[in-house]
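Dear colleague,

Please find below the structure for your records. My notes on its helices, cores and open spaces follow it.

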Amino acid sequence: MAVTEAERRAMDRALELAVRGPRGVNPQVGAVILSPAGDIIAEGWHQGAGTPHAEVAALSALAPGAARGATAVVTLEPCNHTGRTGPCALALIEAGISRVVYALDDPGEVSGGGAARLRAAGVQVDAGERADAAHELIADWLTAQRLGRPHVTVKWAQSLDGRAAAADGSSQWITGADARADVHRRRAAADAIVVGTGTVLADDPSLTARDGDALHAHQPVPVVIGARATPAGAAVRRHPHEPLFYDTRDLMTVLADMQARGIQTVFVEGGPTLASAFIAAGLADRVLAYIAPVLLGGPRLALTDIGVPSIDAARRLVIDEWIPLGADLLAVAHPTASEPHSEGVR
């Protein structure tokens with residue numbers, strides 16, 4: 001059965017509802033219940049760990065029996081396991097839902113399979129509606145489920161000729177105020193911000209997310225990777241969160257530990273060496289390149305060795321957006337499906 005116009009509108013609404021839920025170890029999910037006539041009769045979203053999932057939250061707004069013959073429109077495949085709450089697929093079946101439209105499959109080895117359970121019970125199921133938008137909403141959670149590690153964004157700022165600093169090492173500021181404000185907004189959306197010890201020693205960054213002189217309400221956990229000691233008086237030690245220090249070159253060990261701490265989104269901002277290491281290891285899920293219309297020349301490239309010996313081995317990216325930011329330009333990209341991607345640890 002083809003997705004109806006009412007179901008498409010309901011999916012748009014479900015995506016709006018999903019963002020009301022908190023970002024964290026669980027995905028943001030929204031759900032809408034439609035009557036057989038296509039009218040919205042209930043809405044719900046996941047409000048955090050241990051609370052009812054979006055489908056159950058929507059069903060709970062209805063009187064007993066009111067969902068019989070209705071359609072559930074959900075941003076993620078209804079789960080098929082019992083954790084702190086019961087399986088949503090079973091809840092929909094028991095409520096008498098006759099049709100389910102969802103955007104994305106649940107990749108979880110335990111939680112997935114809800115669609116098959118629904119079909120086995122005679123429920124019509126249609127998947128894939130607004131999948132791209134739903135994927136963007138929970139990309140960090142999907143990465144954690146599929147790869148066993150946090151979602152990693154690698155960011156750098158560069159001149160038009162690909163330099164991260166002038167020949168004397170000075171780099172403040174290559175980009176303008178609009179680009180720097182955009183970086184801080186993205187920092188505030190991340191769970192952790194990562195730099196190398198070289199950046200700490202050279203620039204003494206605070207690693208906070210700021211709006212002008214004020215701090216954003218949400219602050220990423222500062223993370224420093226490298227063998228060199230961070231000075232006792234370093235600005236990062238005055239961060240609102242206790243910094244994490246990792247004396248290792250094993251990035252997967254670092255990411256696995258961060259995931260165990262509940263960190264799902266990582267913003268890598270710390271210098272060409274660290275950015276290149278994440279890319280070379282196949283650990284960059286998103287790339288943010290802030291490009292300024294200046295020329296610097298010299299040896300200080302934005303990236304160093306990323307394991308590309310020839311043009312045939314070039315790491316290919318898909319450009320998601322070109323975003324003008326004042327005089328600067330932001331390229332938002334992700335690796336192509338053929339690029340190496342670390343499978344992490346499960």
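In helix H1, the buried residues (under 20% relative accessible area, with exposed meaning over 50% and partly exposed in between, for a 1.4 Å probe and protein chains only) are Ala-6, Glu-7, Ala-10, Met-11, Ala-14, Leu-15, Leu-17 and Ala-18. Helices (H or I, at least four residues) and strands (E, at least two) are DSSP runs, numbered from the N terminus. Please note that this is a predicted model, in which local features need pLDDT of at least 70 and side-chain atom pairs count only at pLDDT 80 or more, while totals for chains, interfaces and linings use all residues. Residues are numbered from 1 along each chain as its sequence is written, and side-chain values use heavy atoms, with hydrogens and water left out.

The buried residues of H1 pack against strands S1 (30–34), S2 (40–45), S3 (71–76) and S4 (99–104), and against H5; contact here means heavy atoms within 4.5 Å. The end C-alpha atoms of H1 lie 20 Å apart, which agrees with the 20 Å that its 14 residues should span at 1.5 Å a residue. That expected span is 1.5 Å times one less than the number of residues in the helix.

Helix H7 (residues 177–188) has twelve residues and reaches 17 Å from its first C-alpha to its last, close to the expected 16 Å. In H7 the buried residues are Ala-179, Asp-182, Val-183, His-184, Arg-187 and Ala-188.

**The nonpolar cores**

A nonpolar core is a set of buried Ala, Val, Leu, Ile, Met, Phe, Trp, Tyr and Cys residues joined through side-chain atoms within 4.5 Å. The largest such core has 41 residues, and Ile-33, Ile-97 and Val-100 touch the most other members. Helix H1 (residues 5–18) provides the largest share of this core, with six residues. A second, separate core has 30 residues, including Val-223, Leu-255, Ala-275 and Ile-279.

Leaving aside neighbours within four places in sequence, Ile-97 is in contact with Ile-33, Leu-59, Ala-67, Ala-70, Thr-71, Ala-72, Leu-92 and Val-123.

Ala-72 is placed in strand S3 and counts as buried because its relative accessibility is 1%. Not counting residues up to four places away in sequence, Ala-72 touches Val-32, Ile-33, Leu-92, Ile-97, Arg-99, Val-100 and Val-101. Ala-72 and Ser-98 are 26 residues apart in sequence, and their C-alpha atoms are 8.3 Å apart in space.

Leu-76 is also found in strand S3, and at 6% relative accessibility Leu-76 counts as buried. With residues up to four places away in sequence again not counted, Leu-76 touches Pro-27, Val-29, Glu-55, Tyr-102, Leu-104, Asp-105, Asp-106, Ile-138 and Trp-141. Between the C-alpha atoms of Leu-76 and Ala-134, which are 58 residues apart along the chain, the separation is 7.6 Å.

**Pocket and cavity**

On a 1 Å grid over the protein atoms alone, a cavity is a set of points where a 1.4 Å probe fits but cannot get out, whereas a pocket is an open set with protein on both sides within 12 Å along at least five of seven lines; lining residues have an atom within 4 Å of a point. Grid points are joined across faces, edges and corners, and a volume is the space filled by probe spheres set on the points.

The second largest pocket holds about 1000 Å³ of space. Its lining has 32 residues, of which Glu-136, Ala-139, Asp-140, His-151 and Arg-286 lie nearest its centre. H6 gives the most to this lining, with six residues.

The structure holds one cavity of 30 Å³ or more, and the largest cavity has a volume of about 50 Å³. Ten residues line the largest cavity, and the closest to its centre are Asn-26, Pro-27, Gln-28, Asp-140 and Trp-141.

**The loop between H8 and S8**

Asp-204 lies in the loop between helix H8 (197–203) and strand S8 (210–211). Although not a glycine, Asp-204 has a positive phi of about 50 degrees, and at 37% relative accessibility Asp-204 counts as partly exposed. Leu-207 is found in the loop between H8 and S8. Leu-207 has a positive phi of about 60 degrees although it is not a glycine, and at 2% relative accessibility Leu-207 counts as buried.

With kind regards
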